[in-house]
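Please look over the sequence and structure shown here. The report that follows goes through the model part by part.

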Amino acid sequence: MRTIIRSALAAMLLLTGVSRAGAQEGDGRQPGERFRDCASCPEMVVVPAGSFMMGSPASEEGRQSEEGPQHLVTIASPFAVGVYEVTFAQWEACVDAGGCGGFRPRDEGWGRGSRPVMNVSREDVQEYVRWLSRETGEPYRLLTEAEWEYMARAGTEAPRYWGEAGMEQCRSANGADATAHQAYPNAADSFFVACTDGNVYTAPVGSFEPNGFGVYDVLGNVFEWTEDCWNGSHSGAPADGSARLQGDCSRRVARGGSYDLSPKYLRSALRFGVVARARNKDLGFRVARTMN
């Protein structure tokens, strides 16, 4: 598996015009390198700089109008992103240390520990990010929407980083499949992929294969908050990967889909506007860190 990840990363570095010899940036870390800033901190991986086409083409199956127009985005500097979605255990470390407002989100009876934390609003999430930054002295934050899609695609142009849907989903993402059908017996069979991943609801992080950047659960499991305010299209979006902080800021962009969605919705370009104060059982997050 490590060989596959290294090969995919090397291909991505070539695709984005970044060489290993010249890729070293802040903190002295190379793209693909993993690190952790404290014992209870999320494990991070360095993502290389590069360019990509953000959004989906009109021909993509399942495409929503808000996924366009496609536009070129250039990420000028490497950044670090959580290898996994933030877990209940990591959230509880924040609470135990006096952070996160003392808030302990519900797990719906599905389990805590290494499962992705959920039922957290955007402000809840920002409390965690502020605590993590104080704890480590490092600039932790949410990903921008453009950074999220760049990270999710990992150099791919297909709707999903594993290619098309079908049986591949059960190796690569926790989405609606034959197992999940148990919880939704009245839903049409066509909504579910005809494979079994063993998870009716959320799965422990890292249960599926990673994308080419070595990031897990990018699609499925839980939606992930991003920094951006909601806009109904990509028209006028920044081309440098920065956050879009104009528009309807009472809603923020969530990305990635969740455990209860069909392949139509588990796509790298899919985006939803979610009320910032919402605490939903299919909504969590992962963190990013600016490299000094």
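## Confidence

This is a predicted model. The protein chain has an average pLDDT of 90. A score of at least 70 is reached by 90% of the residues.

Residues 1-25 are another matter: their pLDDT stays under 50. The model has 37 contacts beyond four places in sequence for this stretch. Where pLDDT is low, predicted coordinates should not be read in detail.

## The β7-β8 sheet

Four strands make up an open sheet, in the order β9-β8-β7-β10. The pairing is mixed. At the edges are β9 (271-275) and β10 (283-284), each of which pairs on one side only. Strands of a sheet pair through backbone hydrogen bonds, either parallel or antiparallel.

Within this sheet, β7 and β8 are antiparallel and share four bridges. Cysteine 229 has arginine 252 in β8 as its bridge partner. Helix α3 packs on the sheet and touches both β7 and β8. The direction of α3 makes about 100 degrees with that of β7.

## Helix α3

Glycine 137 follows α3, with a positive phi near 75 degrees.

Which residues of α3 are buried? They are Arg122, Asp124, Val125, Gln126, Tyr128, Val129, Trp131, Leu132, Ser133 and Thr136. These buried residues pack against α2 (88-96), β6 (140-142), β7 (223-230), β8 (248-255) and β11 (287-290).

Glutamate 227 sits in strand β7. Is glutamate 227 buried or exposed? Its relative accessibility is 19%, so glutamate 227 counts as buried; the cut-off for buried is under 20%. The side chain of glutamate 227 makes a polar contact of 2.8 Å with the side chain of arginine 122. Beyond four places in sequence, glutamate 227 touches Arg122, Gln126, Leu142, Leu143, Thr144, Ala243, Leu245 and Arg252.

Threonine 226 also lies in strand β7. Threonine 226 counts as buried because its relative accessibility is 0%. The threonine 226 side chain reaches the backbone oxygen of valine 253 at 2.9 Å. Contacts of threonine 226 beyond four places in sequence include Arg122, Leu142, Trp148, Arg252, Val253 and Arg255.

The partner of β3 is strand β4 (residues 71-75). Five bridges join the two strands, which run antiparallel. Opposite methionine 54 stands histidine 71 in β4.

## Valine 215 in a loop

Valine 215 belongs to the loop between α5 (169-172) and β7. Why does valine 215 count as buried? Valine 215 counts as buried because its relative accessibility is 0%.

How far apart in space are valine 215 and methionine 151? Their C-alpha atoms lie 8.0 Å apart, while the two residues are 64 apart in sequence. Methionine 151 is also among the contacts of valine 215.

Methods
Residues are numbered from 1 along each chain as its sequence is written. This is a predicted model: local features need pLDDT of at least 70, side-chain atom pairs count only at pLDDT 80 or more; totals for chains, interfaces and linings use all residues. Side-chain values use heavy atoms; hydrogens and water are left out. Buried means under 20% relative accessible area, exposed over 50%, partly exposed in between (1.4 Å probe, protein chains only). Contact means heavy atoms within 4.5 Å. A polar contact is a pair of N or O atoms within 3.5 Å; within protein, one must be able to donate a hydrogen and the other to accept it, and residues adjacent in sequence count only if both atoms are side-chain atoms. pLDDT is the predictor's confidence in each residue, from 0 to 100. Two strands pair if DSSP finds at least two bridges between them. Axes are lines fitted to C-alpha atoms, for helices over the stretch in contact, and angles run from 0 to 180 degrees between N-to-C directions.
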